[in-house]
Amino acid sequence: MLQPQAKTLTQIEREERTLARQALQQRAKELARKRAVGDFRNLLRHRYGSVIAGWRVAIDPEEETCTWEVFEAAAKKQKFSGDLDGLWEELVAEDEEVLLLERLEPAIVEAKQSFLEACADRYGSVERAFLEMDLPEKPLIDHEDFARICIEINMQKNRRILFEYADSKGIGTISLEAIEPEVTKNVFGLSRCKEAEDQLMEKEPYDKERKTIMRRAIEQCGATHRPPEEQRQHRQEIVDMLEERFDSPIRAWANLLDIHAKGKLKRKEFQTSMAVLGYTGNTNKLWEELGLKKKQSVRFKDLCPEVIEEIREFKNLAGKKIITLIQVSEVAAGPGKSKKAGAPVDNEEFYKVMDAIEYPGDPERLLRHLDPGNTGYANTRTLRILNEQRSEEKAVPQFLKKYAENRQALLEQKIASVVIPPAKELLAKQDSLRESCLEEQQTKKETRNAKEEFLRKLTNKFGSIAKAWRLALDPELKYAIENVDHLMKGMKRAGQMPAEGGEHALRTVAEKIFQACMSKETEQISLDCLDPRTPAMLEKFKDLCEERFGSLQDAFEKVDVDGVGIVSREDFRMLCHEVKATDGIFRLMEFLDPKRTDEIRLSLIDGEVAEDAMLATQTRRQMQQNAQEQGDTIPGGLQHAAQERAKRPARRALEQVKQRLVRKYGSVLRAWKTIQGNVTQDIGRDGWLRFFEHVGMDNREAALAWELVPKVDDKLALARFEHRIGEDFEAFLRRIKERYGSNLAMMLEMDDGSLSMDFERFLELCYECQFRGNERRLFEYLEQDEGFFDFERIDEKVAKDLREQKEKEEAKKKEEERRKMQKKREERKAKQSKKKAPAEADPWEEPETQASLQEEELPKPKEAVRPKPPAGLGHLCLAMKSPLVKLKKTSSLPSLRIGVRSQWNDRHHIADHLGNRDMNLIHMLTSVDTQEQEKCMARVRRKIAENPTMDWFEEQLRLEEERNAQIWAPDSDEEDEEEEALENENPVEVSHA
């Protein structure tokens with residue numbers, strides 16, 4: 001046999017190119033057929049609105065299939081220029097001979113399948129869907145009901161195509177049989193389907209004539225046609241816009257349209273001005289409405305003839321009064337005003353003329369017409385032009401031209417004022433300005449250096465500016481250096497004489513210092529100019545005295561017991577500590593007592609208040625002296641002063657022991673707790689001596705102080721030793737009575753069941769009562785356990801009565817519960833006795849005593865467990881327990897405790913509109929304004945913490961099971977024996993049945 005010859009490389013390449021060419025040709029044919037299908041569908045949609053409508057009009061209105069001959073004739077009739085053979089091959093398979101409508105429009109099958117699947121998803125099955133659909137005439141359905149049903153079942157595909165396919169006659173109603181015939185017959189039956197088909201046959205199809213674009217345009221124009229009087233008025237719109245923006249058409253013409261005062265505008269210039277104005281209408285229509293040709297120019301009389309009429313009417317009515325108004329205005333302006341420049345017309349005179357001529361129009365509008373520059377008044381130049389011109393149509397452009405010339409002249413003057421001068425002149429001006437600035441800067445620097453040197457020398461010699469002011473600058477207490485001569489005297493006293501130059505050099509330096517230090521308002525030198533901190537500290541001291549004692553006079557009366565207006569440095573220091581002005585003690589004493597004489601005059605602080613305090617103290621002492629002379633036991637005069645001096649060591653010892661106790665323990669209250677143990681227990685002399693032993697003071701000072709402190713039966717209470725605690729407690733009780741009416745009402749409202757109160761609830765009570773004292777100190781005084789105190793510390797009698805009342809209520813509640821249980825047992829026993837056969841009873845037999853059932857103990861409420869204080873190291877590991885941080889005494893009413901607030905971080909940042917207003921409101925109520933929700937959750941958490949849910953639920957289940965067991969217990973001998981045993985233990989007498 002002959003062996004096949006091997007192919008050459010050229011033959012292989014040729015075969016591959018042939019195969020590739022054939023594949024490309026086949027691919028091109030497929031794309032051409034698909035393109036032909038798309039073109040044919042687009043042709044039908046363009047001419048008939050949809051593929052289905054095109055099939056039923058152009059191809060076959062009766063059947064949903066067609067042969068090649070029918071399809072070819074229809075395509076040629078529609079003048080389809082594509083490949084018909086390729087179109088047929090693409091739509092019809094090789095083994096088929098007819099074309100189906102579903103092949104030409106595949107969306108029909110998709111829509112039908114989507115409708116059936118949606119029905120099954122919504123109702124469970126298609127049969128159930130057809131049966132439960134809300135339709136007036138099943139199985140018939142119109143277009144509106146079909147659209148509603150498709151929306152309800154959430155159909156995903158195009159429902160319009162499905163309805164159009166099922167509505168083969170175009171009558172607007174279909175039968176469900178056209179979508180799924182088998183299911184429709186099974187659900188509604190053959191007779192009902194036949195009746196529906198007959199009803200569809202009786203209906204006539206509606207007219208589907210397509211309207212041309214021209215016909216639709218004619219109908220729309222006819223519907224919106226308006227008569228000429230209702231059509232758009234372009235000129236009036238322009239006039240309204242000019243008045244709205246410039247208050248007058250004349251102002252608009254002068255400042256926008258005709259800024260060069262030519263008197264007329266060409267068409268292009270007018271269109272540009274309209275664009276600047278913002279007019280969006282048709283300028284061609286406007287030009288036609290003005291009655292102008294294309295090459296004509298527009299004048300003011302063409303645009304605003306009504307303004308010309310208003311000015312003409314004013315001129316005709318006024319007549320010669322215009323000349324009178326011009327003359328009066330020129331006389332009022334004075335001889336300096338020229339007739340050419342004009343003079344302003346007084347508005348009152350103008351309105352008087354308007355009233356005299358009885359002008360029918362708006363005077364203010366006419367004034368705006370005559371005032372193109374918006375100056376607020378008319379000009380005599382405008383009125384003169386208006387009076388001289390016979391025609392108002394020429395007068396308006398003329399005075400607008402004068403206004404433009406005047407405006408241009410003012411602009412040129414302004415430009416000339418800001419124009420840059422020549423280089424030489426500019427350089428010379430800059431050099432002179434620079435030299436003057438350097439001289440001024442040097443002068444300021446010398447003045448500043450002189451002031452600094454002056455203050456430095458005063459500080460080095462006297463130690464402070466305040467002391468130098470008292471000793472050298474103002475020893476006469478004039479409180480100000482009025483002139484240079486006064487300053488020179490002070491500098492001489494301070495030893496600041498220049499080494500050379502004598503009086504002349506001293507005056508030169510004094511003038512510089514006076515110029516640098518003097519106040520610009522008073523042109524004098526005061527202590528505020530040299531040392532502002534000392535007067536500020538003095539004012540602060542006055543304010544603190546008023547806060548502590550109520551007034552500055554009360555503070556002076558306390559520190560100056562003799563009423564002489566002079567106190568010692570030690571007494572003044574104690575007063576500063578009392579009012580908490582410790583940061584400026586040295587500065588104040590240097591100012592008030594510069595020579596260290598140990599005498600501070602209160603008149604240096606405030607002369608009038610010091611004089612009033614002296615007078616009040618002397619008056620009080622005089623009254624005491626008079627009372628002593630009349631036989632009163634109150635000592636007065638020299639004897640009282642001697643007694644007061646004798647008490648000073650005891651007062652000093654008492655104040656010293658208090659200070660040392662506060663310095664060691666933090667407060668007198670804590671010192672009492674630490675040393676004595678109980679704040680409610682009074683102490684005697686031994687307990688008093690323990691205070692002095694703990695702070696390292698001797699017994700002699702303790703004896704002196706013991707005689708001074710207020711005692712009752714030789715016993716000292718904490719409230720008497722630290723009087724502020726007693727005052728706070730009394731004020732606290734008064735506030736409670738003002739707020740609640742009584743202590744009992746307060747306890748009933750604030751009680752949580754334990755008849756005690758923790759610190760948090762105590763702060764709430766203080767805030768509710770508006771208590772203004774020291775809350776923390778008062779709580780420490782009332783505190784018994786760590787963090788709690790009983791109501792008995794506030795009012796022992798009321799607290800005991802309230803406790804007894806609660807105990808009685810609990811006992812009464814237990815008794816009622818016991819009676820209910822006993823009644824149920826008796827009823828159950830009576831039912832059991834009725835079931836047994838009744839025996840004949842002996843009427844003379846004594847009735848048996850019936851034993852009472854044992855009382856079941858009711859479950860006791862779970863006691864609230866108080867939280868233990870935190871123990872262990874603090875976060876800084878400094879001690880076993882971190883120290884408590886306590887705030888100072890508050891002087892304002894609001895509490896520092898933060899309340900419930902809105903959740904502002906969760907609010908919407910989207911503005912409300914018609915689409916989201918309700919959702920924004922819901923979000924605001926549920927996520928932002930959550931105060932009431934948080935309060936409710938807090939109450940629930942507190943209740944759950946007091947009695948956990950599981951414990952309460954278990955307790956209720958147990959009680960319910962016991963009740964059910966007792967009520968529905970079966971009859972048995974064991975139960976009878978138990979009941980007899982209970983009756984024997986607790987016998988109860990009962991009456992005869």
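**Reading burial and aromatic contacts in a predicted model**

User: Is Phe779 buried or exposed, and what is its relative accessible area?

Analyst: Phe779 is buried, with a relative accessible area of 5%. Buried means under 20% relative accessible area, exposed over 50%, and partly exposed in between (1.4 Å probe, protein chains only). This is a predicted model, in which local features need pLDDT of at least 70 and side-chain atom pairs count only at pLDDT 80 or more, while totals for chains, interfaces and linings use all residues. Residues are numbered from 1 along each chain as its sequence is written, and side-chain values use heavy atoms, with hydrogens and water left out.

User: Which residues of helix 15 are buried?

Analyst: Helices (H or I, at least four residues) and strands (E, at least two) are DSSP runs, numbered from the N terminus. In helix 15, residues 267-277, the buried positions are Arg267, Phe270, Ser273, Met274 and Leu277. Viewed down the helix axis, these residues fall within an arc of 125°, so they line one face of helix 15; the arc is that of the directions from the axis to the C-beta atoms. Lys268 and Ala275 are exposed on the face turned away from the buried side. Gly278 follows helix 15 and has a positive phi, near 95°.

User: What do the buried residues of helix 15 pack against?

Analyst: Contact means heavy atoms within 4.5 Å. The partners include helix 13 (234-246), helix 14 (249-257) and helix 17 (300-303).

User: How many aromatic pairs are found in the whole structure?

Analyst: Rings of Phe, Tyr and Trp (its six-membered ring) pair if their centres lie within 6.5 Å; planes under 30 degrees apart count as stacked, over 60 as edge-to-face and the rest as tilted. The search finds 18 such pairs. One of them, Trp253 with Phe300, is edge-to-face, at 5.7 Å centre to centre and 75° between the planes. This pair links distant parts of the chain, with Trp253 in helix 14 and Phe300 in helix 17, 47 residues apart. Trp253 counts as buried because its relative accessibility is 3%, and Phe300 does so at 4%.

User: Which residue forms an edge-to-face pair with Phe779?

Analyst: Phe759 does, at 5.0 Å centre to centre and 70° between the planes. Phe759 lies in helix 41 (residues 759-769) and Phe779 in helix 42 (residues 775-782), 20 residues apart. Phe759 is partly exposed, at 23%. Both belong to one aromatic cluster that also includes Phe732, Phe762, Phe771 and Phe789.

User: Where does the charged end of Arg548 sit?

Analyst: A charge sits over a ring if NZ of Lys or CZ of Arg is within 6 Å of the ring centre and within 35 degrees of the ring normal. The charged end of Arg548 sits over the ring of Phe549, 5.3 Å from its centre. Arg739 lies over the face of Tyr740, 4.8 Å from the ring centre.
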